[in-house]
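Please consider the following structure with its sequence at hand. The explanation is meant for a reader who meets it for the first time.

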Protein chains: 6
Amino acid sequence: MKPCVIRDILRPEADLARALAGFGVATVHEASGQLGLMRPDIRPVVPGKRICGPAVTALCHPGDNLMLHAAIDVANPGDVIVVGVKFRNTDGMIGELIATQCQARGIVAVILDAGARDSAELREMGFPVWSRAISAAGTSKATPGWVNVPIQCGDAIVRPGDLIVADDDGVVVVAAEDAEEVVRACEARVAKEDANRKRFQQGEVSLDVSNLRPLLERLGVQTYATAGEAGQLADGVR
Amino acid sequence: MKPCVIRDILRPEADLARALAGFGVATVHEASGQLGLMRPDIRPVVPGKRICGPAVTALCHPGDNLMLHAAIDVANPGDVIVVGVKFRNTDGMIGELIATQCQARGIVAVILDAGARDSAELREMGFPVWSRAISAAGTSKATPGWVNVPIQCGDAIVRPGDLIVADDDGVVVVAAEDAEEVVRACEARVAKEDANRKRFQQGEVSLDVSNLRPLLERLGVQTYATAGEAGQLADGVR
Amino acid sequence: MKPCVIRDILRPEADLARALAGFGVATVHEASGQLGLMRPDIRPVVPGKRICGPAVTALCHPGDNLMLHAAIDVANPGDVIVVGVKFRNTDGMIGELIATQCQARGIVAVILDAGARDSAELREMGFPVWSRAISAAGTSKATPGWVNVPIQCGDAIVRPGDLIVADDDGVVVVAAEDAEEVVRACEARVAKEDANRKRFQQGEVSLDVSNLRPLLERLGVQTYATAGEAGQLADGVR
Amino acid sequence: MKPCVIRDILRPEADLARALAGFGVATVHEASGQLGLMRPDIRPVVPGKRICGPAVTALCHPGDNLMLHAAIDVANPGDVIVVGVKFRNTDGMIGELIATQCQARGIVAVILDAGARDSAELREMGFPVWSRAISAAGTSKATPGWVNVPIQCGDAIVRPGDLIVADDDGVVVVAAEDAEEVVRACEARVAKEDANRKRFQQGEVSLDVSNLRPLLERLGVQTYATAGEAGQLADGVR
Amino acid sequence: MKPCVIRDILRPEADLARALAGFGVATVHEASGQLGLMRPDIRPVVPGKRICGPAVTALCHPGDNLMLHAAIDVANPGDVIVVGVKFRNTDGMIGELIATQCQARGIVAVILDAGARDSAELREMGFPVWSRAISAAGTSKATPGWVNVPIQCGDAIVRPGDLIVADDDGVVVVAAEDAEEVVRACEARVAKEDANRKRFQQGEVSLDVSNLRPLLERLGVQTYATAGEAGQLADGVR
Amino acid sequence: MKPCVIRDILRPEADLARALAGFGVATVHEASGQLGLMRPDIRPVVPGKRICGPAVTALCHPGDNLMLHAAIDVANPGDVIVVGVKFRNTDGMIGELIATQCQARGIVAVILDAGARDSAELREMGFPVWSRAISAAGTSKATPGWVNVPIQCGDAIVRPGDLIVADDDGVVVVAAEDAEEVVRACEARVAKEDANRKRFQQGEVSLDVSNLRPLLERLGVQTYATAGEAGQLADGVR
């Protein structure tokens with residue numbers, strides 16, 4: 001319970017982060033058994049980025065970014081800093097100056113269950129940030145907290161060293177110990193999707209490609225030529 | 001009440017869709033007597049598009065996009081698929097693979113009272129989608145539903161064959177039987193606006209152009225030179 | 001309490017608006033003692049703008065933009081029109097035609113605690129608008145209200161003549177009588193940030209640059225090499 | 001599209017309303033195939049009521065309750081008035097005076113996709129109202145609309161004569177033509193639940209009563225004595 | 001701009017507060033020209049109360065209730081303390097201990113654009129509090145602010161000495177200088193409502209009592225016996 | 001990552017739960033260093049309860065309560081079941097039948113980051129439930145998940161065996177290993193509050209009792225007799 005900073009964490013092999021960065025958040029989420037997705041209101045401040053790296057976590061008091069500063073100090077190049085707050089807050093915990101530090105030290109991205117400011121400057125720098133809000137509300141540096149303990153961010157549990165994948169669709173967390181399996185599941189999924197995509201491009205539909213017609217029948221979904229034929233259904237459903 | 005798919009619907013003449021596509025959502029909404037507007041949280045995933053087409057409707061169980069697949073199967077080139085859910089949900093019901101099918105079959109757009117994923121890919125493909133959220137949350141294909149029955153989407157009632165107009169301002173529904181009248185009302189509105197625009201560009205204001213000064217007077221809105229002259233009003237209003 | 005329009009207001013010297021426009025909303029907010037920030041849901045409809053000017057205020061009935069029309073009539077070139085509503089509303093109070101008037105008369109921007117429509121057109125014209133929503137919902141011109149009385153917009157109090165600064169981070173209000181002091185505080189802040197930025201770019205971190213290590217110690221934040229060393233903390237914090 | 005009032009509607013037999021009133025909203029919703037549920041933010045202003053009756057519908061302009069007045073004029077004893085608005089609004093469309101009229105004429109309840117005021121008085125009178133908000137915001141009586149056309153309320157489509165069931169759990173709509181079938185489905189459901197309840201009261205659990213153990217096994221849900229035995233799972237799930 | 005406490009404020013005559021307390025928030029809001037209403041999410045923590053008194057205002061930093069403590073020190077018996085925060089927050093700024101102080105000193109109520117805790121104890125004590133949330137989130141006492149300056153609370157501007165009326169419908173602010181006029185307008189309104197109530201209790205409807213039939217006609221609202229007679233309207237409106 | 005049920009968990013000594021149940025959520029939250037608080041939108045369905053017990057956790061797919069059924073099977077008398085969902089959902093996962101099972105087996109309460117239905121029946125039974133919503137939306141029993149792994153509920157991390165305290169103020173989680181220390185901190189807090197309460201009841205204020213006057217002075221908060229004396233401050237703060 002005592003506030004603390006933990007300097008060293010176990011990180012998955014860099015290959016795994018590189019591999020996951022090649023897939024999108026949507027693919028990784030499906031391949032993880034639909035686990036680890038952050039809430040959809042955690043949005044990219046700098047659109048068009050796709051990143052992956054091991055999490056360095058910070059748990060901050062709302063409106064106070066002191067522990068984010070402490071997290072930067074212990075993060076390695078390639079890491080993703082993930083910031084949770086003790087209770088709901090949208091104050092702007094990161095701005096251009098903090099992003100400058102992160103960029104200079106090779107930190108890959110910052111994810112916050114809070115706000116970000118200097119949004120135009122962040123876009124100019126191209127430093128990737130995902131946050132709940134864009135807010136110029138200033139923060140203080142006065143309250144103790146934690147670095148590199150398990151936290152909650154955007155409704156997902158993040159442990160130090162877990163892999164964070166983020167792009168324009170949002171953010172997903174992959175447990176360090178599952179990363180290898182998830183990469184393999186992503187590969188399988190993409191291979192299958194590639195095959196399907198070609199058929200779709202030629203005008204086939206998923207009812208045929210994914211063999212859904214028998215399922216519809218099994219579920220009792222009748223097909224009628226017209227509303228009239230379907231009788232009472234024409235305007236009977238809501 | 002029994003789940004079903006209705007294959008054939010009545011569609012307004014293609015001219016009407018083309019005509020409405022030439023006006024914006026704001027103009028069409030005003031010309032429709034301010035009816036049919038979807039909630040402002042139905043936003044474009046792919047900005048910069050303006051579309052119009054007859055609705056093919058799907059009513060899905062939350063978190064299950066089976067009936068969207070079934071809707072694609074019965075949609076014609078030029079149609080707009082509109083997806084309602086039985087109760088509130090933001091899961092990502094459409095992604096790049098479904099959009100590929102739609103694009104290949106000439107479907108004009110998909111509107112969802114739910115989420116969309118693969119947002120970067122959708123933008124790249126230029127396939128227009130409007131949704132309540134961008135969310136990578138995966139969906140299943142397991143629950144029966146309806147295609148081409150009246151639904152609710154974004155607080156608007158949509159019947160199969162109604163015309164959907166959508167652009168960066170949002171989405172509006174025009175009842176099939178009203179489409180012709182709405183086109184004419186749009187034309188009248190635009191003509192009047194064109195005349196006004198020129199006067200505004202030359203520095204005239206709407207108080208004069210729209211003759212609002214007598215209205216203000218009739219409503220009892222006094223004009224004072226200064227706050228002091230207005231007396232107690234200076235800081236008395238909230 | 002009686003509805004009225006006040007034509008003439010006191011405006012701070014134009015130098016002050018120019019100076020504040022050179023700083024961002026985030027800097028001005030901090031330099032103002034963290035006062036005057038509008039809620040983060042007041043967002044730019046036209047991104048990439050930074051403006052500053054004295055406020056001409058309008059207090060409208062929800063869904064009725066009559067007093068915005070009246071405000072345009074009394075605004076000077078360089079002014080920013082700020083629109084409050086009597087109670088919560090997101091209807092689209094401003095569109096392309098109103099923006100055309102404003103642009104022709106040299107009005108710098110419009111800020112609304114309500115919605116905006118014709119968002120694509122506004123972006124094309126490059127006329128800066130900040131609003132709570134993009135909504136095509138039409139408004140009427142039928143209810144009396146006020147121009148140039150103190151109002152509430154986006155949770156901030158705005159008095160006629162106060163300076164409004166707005167950019168991609170949002171909107172902040174600077175009391176007319178504080179403007180000079182805020183400019184000086186911004187300059188001091190920026191000078192200090194420039195010095196720090198250089199050190200950050202060379203790889204230093206804020207724990208050193210801002211001398212936060214002694215603060216962490218004073219607050220009792222312990223540092224451990226590993227989770228194991230920290231004992232029960234490894235997964236004990238939420 | 002032209003505003004109008006329709007005086008006479010078809011109502012299901014009174015027996016059906018009486019029967020549905022005997023079941024809760026939760027039971028009716030399940031028995032309807034999970035159709036017709038209003039959003040959970042439509043809440044009872046007067047708790048502890050359970051009502052059912054055929055819908056008389058009103059479609060109002062936001063902030064204007066004129067058509068609610070018109071609906072009272074054509075409603076019969078036993079009816080439920082359901083009010084939709086053209087776009088989102090929480091103004092207080094009903095208060096004690098309107099409730100007095102309704103009560104005197106035997107109207108059973110009012111459901112609004114808007115706000116209600118005089119909440120203490122409504123509770124004292126015991127007149128049941130469900131609404132999106134409690135708000136003292138006043139409304140006008142100035143805009144034309146519709147009575148007894150299909151509307152959207154709380155995300156559900158309501159046609160005149162559909163049966164409305166409401167209690168502390170919210171509001172559900174039953175299509176007139178489905179009412180009989182839904183009553184039978186409710187009866188079957190309640191009978192089954194009564195049998196199960198007794199077993200639960202004696203300490204049995206649903207894994208046995210509903211025979212879910214084989215399902216868990218089929219779905220691949222392993223059971224372990226301890227977290228240690230489950231290995232990596234102990235803190236690996238989020 | 002410098003933080004400060006102002007000890008003495010002008011208060012309207014006690015008669016006016018007593019008079020307004022006799023009317024409800026809904027009546028006062030209408031009688032004030034629909035001004036001064038707080039957002040509907042400012043709700044009573046202790047239901048069933050109706051209060052009125054002059055405002056002592058506090059402007060706090062989010063998550064810091066220091067200035068509420070300072071406000072108690074300068075409040076008189078009969079006053080209502082109104083707490084604004086610099087930007088959005090729901091932390092629990094008042095609990096049972098602060099309420100005890102207030103009650104002992106004759107303070108009538110506390111209104112917060114923030115959270116309240118110890119809700120059960122507040123109900124037991126019967127001390128009236130209106131707040132945006134019930135939240136146990138603790139606050140600090142570390143940041144300077146203001147007492148008795150104009151603030152924003154729940155979207156309404158509150159100046160020291162303005163009269164606050166609050167009940168189960170919410171909170172409304174009456175400008176000190178308007179109080180007398182508002183009392184008279186309330187009396188007129190109530191007298192008229194009393195007359196109408198009697199007619200409603202005897203089964204008359206507002207279409208007749210308020211003479212709305214000619215208005216409907218003027219607005220072009222047609223009346224039809226049946227949907228069939230109304231033609232295309234039957235299911236044509238959304 | 002594989003779905004599983006863990007039957008046996010470590011529970012803190014029953015004394016600790018009993019002790020914490022004696023304090024309120026607000027006190028426990030403060031005594032825990034302001035950790036572990038669930039979001040304020042997790043509200044009591046049955047008001048007036050205060051409970052404490054060790055957590056049995058369930059991680060469910062949205063709209064599917066299968067794992068809640070599995071959790072009941074492994075819970076002991078005195079336990080509190082805490083249900084997380086993989087992503088945001090308000091469907092009614094618990095109703096009267098599930099509550100009956102829980103009550104019969106001595107389960108103390110159920111906390112859900114989802115909805116509850118049969119709210120009137122739950123109140124009648126007096127079975128305590130905290131949830132994000134009251135919703136009749138039905139759920140299925142078809143998707144695998146987890147019992148007794150760490151989960152996220154209401155923004156707080158909950159590990160099996162952690163102590164859950166809940167009352168009308170909301171829900172707070174106390175890490176099992178911290179429970180003893182938190183009890184002691186609560187006792188100290190209550191003792192101090194008891195002393196202060198007496199002084200408050202006799203009319204003293206916290207500025208004196210908590211010695212805040214020197215703090216205000218140190219923070220530069222000036223005191224003025226009147227607004228006039230404070231000069232520019234009178235209406236200069238927002």
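The model is predicted, so local features need pLDDT of at least 70 and side-chain atom pairs count only at pLDDT 80 or more, whereas totals for chains, interfaces and linings use all residues. Residues are numbered from 1 along each chain as its sequence is written, chains are lettered from A and ligands numbered from 1 in the order in which they are written, and side-chain values use heavy atoms, with hydrogens and water left out.

Helices (H or I, at least four residues) and strands (E, at least two) are DSSP runs, numbered from the N terminus, and two strands pair if DSSP finds at least two bridges between them. In chain E, three strands form an open sheet in the order β5-β7-β9, with parallel pairing. Strands β5 (92-94) and β9 (133-134) of chain E stand at the edges with a single partner strand each, so one side of each has no neighbour in the sheet. Two bridges connect β7 (residues 115-116) of chain E with β9(E) in the parallel sense, and E:Ala116 stands opposite E:Ile134 in β9(E). Strands of a sheet pair through backbone hydrogen bonds, either parallel or antiparallel.

Salt bridges come next. A salt bridge is a side-chain nitrogen of Lys or Arg within 4 Å of a carboxyl oxygen of Asp or Glu. Over all chains, the whole structure holds 142 salt bridges. One of them joins D:Glu177 to D:Arg159, with the closest N and O atoms 2.9 Å apart. This pair links distant parts of the chain, 18 residues apart: D:Glu177 is in the loop between β14 (170-174) and α6 (179-201) of chain D, and D:Arg159 in the loop between β12 (156-158) and β13 (163-167) of chain D. For accessibility, buried means under 20% relative accessible area, exposed over 50%, and partly exposed in between (1.4 Å probe, protein chains only). D:Glu177 is partly exposed at 36%, while D:Arg159 is buried at 11%.

A further salt bridge, between D:Glu193 and D:Arg189, has its closest N and O atoms 3.5 Å apart. Both residues lie in helix α6 of chain D, four residues apart, about one turn of the helix. Another salt bridge connects F:Asp73 with D:Arg213, at 2.8 Å between the closest N and O atoms. F:Asp73 lies in helix α3 (residues 66-74) of chain F and D:Arg213 in helix α8 (residues 213-218) of chain D, so the pair joins two chains. F:Asp73 counts as buried at 11% relative accessibility, and D:Arg213 as partly exposed at 33%.

The last topic is the contact between chain A and chain C. Contact means heavy atoms within 4.5 Å, and 42 residues of chain A and 40 residues of chain C take part. There are four salt bridges between chain A and chain C; the side chains of C:Arg197 and A:Glu96 meet in a salt bridge of 2.3 Å, N to O. On the side of chain A that touches chain C, the elements giving two or more residues are β1 (4-6), α3 (66-74), α4 (96-104) and α5 (119-125) of chain A. Among these, α3(A) gives the most, with six residues. Strand pairing also crosses between the chains: β1(A) and strand β15 (residues 222-224) of chain C pair in the parallel sense over three bridges, and A:Val5 has C:Thr223 in β15(C) as its bridge partner.
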